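Biologist: I am new to this structure. Could you take me through the model by questions?

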Amino acid sequence: MIGLAFREIITREPLDRETRSSYDLVAEARDQGTPYRSSRVSVRVLVTDVNDNAPDIVDPQEDVVSVREEQPPGTEVVRIRAVDRDNGYNASVTYSILKGRDSDGFGLFSIDPMTGLIKTRMSLDHEERSIYRLAVAATDGGKPPKQTVRLLRVEVLDLNDNRPTFTSSSLVFKHRGDRIPVREDVAVGHVVGSVSGSDHSDSDNLISGNSLHITYTLTSITSDVVEGAFDMDRNTGSLIVTRKLDREQQSEYRLEIRALDTSASNNPQSSAVTVRVDIVDVNDNSPVWPMDPITIEIGENANVGSVVYNFSAHDSDAGVNGEIQYHLVKHSPGEGGTFELDPLTGSLTLLTPLDYEFRRDFLLVIQATDQATITSDRRNTSVTARIVVTDINDNAPNFVLPSTDGEVVYLSDAATVGQVVTHIVAVDADSGDNGRVIYSIVTGNEDGRFSIDAESGYIVLAKPIIGHQASARQLHHATGGRSAGKYNIIVSATDRGSPVPKETRRTMQIVIQGSTNNPPRFLEPVYHVNVSENIPSGSFVIRVGAKSFQPDNVRIYNERN
């Protein structure tokens with residue numbers, strides 16, 4: 001098919017579905033016309049899952065769990081919980097207790113393969129044995145499957161041991177309200193949640209505030225940017241915000257909540273549970289430009305349709321709050337149409353040719369706006385961009401003097417060495433070295449009769465002129481074969497541009513005239529004037545002029561009719 005072209009979208013770096021599962025791209029097809037025409041289509045890339053993650057056993061947080069002695073078979077001990085970052089079958093987890101020398105509790109405990117709940121299979125005796133080891137495996141459903149093994153120690157507590165125990169099945173961390181992570185704009189004093197017992201737990205294996213004196217402490221298990229952001233109510237177990245949160249500084253906190261039984265001061269017992277607090281982004285940051293103003297230099301030979309600059313601002317917020325679109329809000333001069341800004345990529349495209357000699361700069365104001373879901377919450381900032389058009393050596397020198405080819409310059413044979421013969425002038429519309437002109441005589445001056453100042457363009461006599469009294473043969477010999485008394489020369493005006501200088505040439509004729517054989521001549525061959533028949537005597541009629549070809553000798557004669 002005519003005009004059909006295929007292009008592939010390829011990856012530039014390894015993909016990780018667990019980090020990002022989809023990408024929204026915009027593909028553009030652009031022709032090579034002037035101005036170009038283009039069409040766009042949205043492309044969503046879905047990253048499919050492979051089984052590259054093993055299950056991670058997150059509960060219980062500690063390797064030691066406990067159960068009281070003499071409890072009936074089927075007593076709940078602990079609930080194993082594992083998470084797998086993969087998707088689908090690759091993330092489905094089953095649980096089992098492995099048999100081996102490191103798992104001497106095999107056969108004494110059972111585990112539900114789907115829920116991970118471990119129960120006793122018989123009544124246990126603290127005096128008979130106080131510690132059992134269990135090798136617990138979490139296996140995903142991938143092909144081939146991946147497995148994680150965790151070695152737990154089950155401590156059989158004496159009936160008189162009133163240690164509070166935290167397990168994932170007996171204690172939960174409850175969020176207030178709709179159980180969402182904490183917004184970064186919550187007020188100081190906000191209650192995030194509290195530690196409490198679950199409704200279905202075994203009452204003999206729960207913390208009871210009525211029979212025990214339990215206090216709660218809080219310890220951060222991460223290196224926090226904002227220290228002391230949370231505190232724990234020592235009596236109720238409520239987790240409270242104590243400092244202003246900022247997701248851009250820290251987006252996650254991991255805290256250890258410990259319950260301490262102080263009823264027995266000589267042997268206080270404690271257990272702990274780990275809580276993860278995720279800080280939810282609020283659109284509290286505006287886009288930031290790396291610099292303002294921005295100066296952009298573009299050569300005047302830039303191709304129409306080419307991208308001349310890429311604007312990029314950064315927004316510290318997350319998700320749509322951190323996604324930015326760009327808009328051209330001001331174009332000076334005001335007629336616009338020279339540049340086009342891509343709202344998604346920030347690419348600035350040239351739409352019309354540039355000409356340094358016509359306009360040397362433009363002023364643009366670019367606005368970056370985040371894409372917060374609620375339009376009224378969107379934040380924006382602007383940057384001023386000065387487009388500086390740089391000169392390219394695209395103009396050749398233009399002669400002002402002489403203005404045309406073949407101009408004649410008369411020189412007396414009495415002229416002395418160093419006397420100015422004529423002055424040539426050329427101008428170049430470019431700037432800098434591109435517009436700096438140097439002059440030279442290209443041909444017609446083989447005997448070095450004249451010299452030219454390369455900078456000023458003044459041509460001066462370098463050698464004496466042989467007078468007209470010389471014989472034609474002598475003059476012919478002296479002029480190197482030229483017509484007697486004439487020099488046909490070519491002068492050059494060249495700029496100093498790069499990479500290739502530009503040059504303009506002019507032909508001109510220098511005529512040598514004798515000072516004695518050439519009487520003064522009128523400046524015009526014929527003078528015409530209309531005079532009224534009744535004009536009074538002595539009235540002014542016309543001014544005529546004549547020129548002598550002797551050096552520096554110009555005489556003007558006036559006649560009255």
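Modeller: One term comes before the rest: a residue is buried when its relative accessible area is under 20%. Keep in mind too that this is a predicted model.

Biologist: What share of the residues is buried in the protein?

Modeller: The protein has 561 residues. With the cut-off of under 20% relative accessible area, the buried share of these residues is 37%.

Biologist: Which element has the lowest mean pLDDT?

Modeller: For the protein, the mean pLDDT is 82, and 82% of the residues reach 70 or more. Over residues 467–483, however, pLDDT stays under 50, and the model has 21 contacts beyond four places in sequence for them. Among the elements, strand E7 (residues 93–98) has the highest mean, 95, and the lowest, 43, belongs to helix H1 (residues 472–478).

Biologist: Which residue of E24 stands opposite Val307?

Modeller: E21 pairs with strand E24 (residues 347–350) in the antiparallel sense, over three bridges. In E24, the residue opposite Val307 is Thr349.

Biologist: What is the average twist from one strand to the next in the sheet E29-E33-E32?

Modeller: The strands of this open sheet pair in the antiparallel sense, in the order E29-E33-E32. Strand E29 (420–423) and strand E32 (450–452) are its edge strands, each pairing on one side only. From one strand to the next, the twist averages 20°.

Biologist: Which residue of E33 stands opposite Ile452?

Modeller: E32 and strand E33 (residues 458–461) are joined by three bridges, in the antiparallel sense. Opposite Ile452, E33 has Ile459.

Biologist: What kind of aromatic pair do Phe230 and Tyr253 form?

Modeller: The protein has seven aromatic pairs. In this one the ring centres are 5.1 Å apart and the planes stand at 75°. Planes over 60 degrees apart count as edge-to-face, so the pair of Phe230 and Tyr253 is edge-to-face.

Biologist: How many residues apart in sequence are the parts that this pair ties together?

Modeller: Phe230 and Tyr253 are both buried. Phe230 lies in strand E16 (residues 230–232) and Tyr253 in strand E18 (residues 252–261), so the parts tied together are apart in sequence by 23 residues.

Biologist: Why is the pair of Trp289 and Tyr326 called tilted?

Modeller: The centres of these two rings are 6.0 Å apart. Their planes stand at 55°, so the pair is tilted.

Biologist: Where in the chain do Trp289 and Tyr326 lie?

Modeller: Both residues are buried, and their pair links distant parts of the chain, 37 residues apart. Trp289 is in the loop between strand E19 (269–280) and strand E20 (294–299), and Tyr326 is in strand E22 (residues 324–332).

Biologist: Which residues do ring pairs link into a cluster?

Modeller: Trp289 and Tyr326, the tilted pair, both belong to the cluster. The cluster linked by ring pairs consists of Trp289, Tyr309, Phe311 and Tyr326.

Notes: Residues are numbered from 1 along each chain as its sequence is written. This is a predicted model: local features need pLDDT of at least 70, side-chain atom pairs count only at pLDDT 80 or more; totals for chains, interfaces and linings use all residues. Side-chain values use heavy atoms; hydrogens and water are left out. Buried means under 20% relative accessible area, exposed over 50%, partly exposed in between (1.4 Å probe, protein chains only). Two strands pair if DSSP finds at least two bridges between them. Helices (H or I, at least four residues) and strands (E, at least two) are DSSP runs, numbered from the N terminus. Axes are lines fitted to C-alpha atoms, for helices over the stretch in contact, and angles run from 0 to 180 degrees between N-to-C directions. Rings of Phe, Tyr and Trp (its six-membered ring) pair if their centres lie within 6.5 Å; planes under 30 degrees apart count as stacked, over 60 as edge-to-face and the rest as tilted. pLDDT is the predictor's confidence in each residue, from 0 to 100. Contact means heavy atoms within 4.5 Å.
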